[in-house]
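Here's a quick briefing to read alongside the model.

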Amino acid sequence: MTRLAGRARALELILGAELVGAELAERYGLINRAVPAGELDAFVGSLARRIAGLRPDVIPITKAAVDAIAPPIPHAAYAVENEGLYAAFGDDVTELAHKLLAAGIQTREGEREHERIANSM
């Protein structure tokens, strides 16, 4: 998140622990774009057709060029993040994850009610 949004915004989002809407996520650089639900299928279909229409060698060359400028997040960063979570919450992280899963947070309806479910724990 820090690489996408910057230090100040990452701290705000992580420590503030609030969900943000698509428009703010787009403005902060967390998502590529916010698309109204009714336009999503058409947008994704059009994008997929354009990408599928490229010559096969174009995609890896493009990815390599982009990664040379903005390399992907190294796996070591995820290890640091996980260590931080366990240091902050200990075994409670696993317990909380089980509670959230039992409450259905991973389901389509749970995604819609994510904030309510998370705040109830």
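Helix 6 has the lowest mean pLDDT among the elements of the chain, at 77, while helix 4 (residues 37-52) has the highest, at 94. Here pLDDT is the predictor's confidence in each residue, from 0 to 100, and helices are DSSP runs (H or I, at least four residues) numbered from the N terminus. This is a predicted model, so local features need pLDDT of at least 70 and side-chain atom pairs 80 or more, while totals for chains, interfaces and linings use all residues. Residues are numbered from 1 along each chain as its sequence is written, and side-chain values use heavy atoms, leaving out hydrogens and water.

**Confidence**
- Across the chain the mean pLDDT is 86, and 100% of the residues reach 70 or more.

**Largest pocket**
- About 1200 Å³ of space sits in the largest pocket; a volume is the space filled by probe spheres set on grid points joined across faces, edges and corners.
- A pocket is an open set of points on a 1 Å grid over the protein atoms alone, where a 1.4 Å probe fits, with protein on both sides within 12 Å along at least five of seven lines; lining residues have an atom within 4 Å of a point.
- Its lining has 29 residues, with Leu-13, Ile-14, Ala-17, Leu-85 and Phe-89 nearest the centre.
- Helix 6 gives the largest share of that lining, seven residues.

**Helix 6 against helix 7**
- Helix 6 (residues 75-89) packs on helix 7 (residues 92-102) at about 95 degrees, with axes 8 Å apart.
- That makes the two helices roughly perpendicular, a label for angles of 65 to 115 degrees.
- Axes are lines fitted to C-alpha atoms, for helices over the stretch in contact, and angles run from 0 to 180 degrees between N-to-C directions.
- Leu-85, Tyr-86 and Phe-89 of helix 6 meet Asp-92, Val-93 and Thr-94 of helix 7, where contact means heavy atoms within 4.5 Å.

Definitions and conventions:
Parallel < 35°, antiparallel > 145°, perpendicular 65-115°, else oblique.
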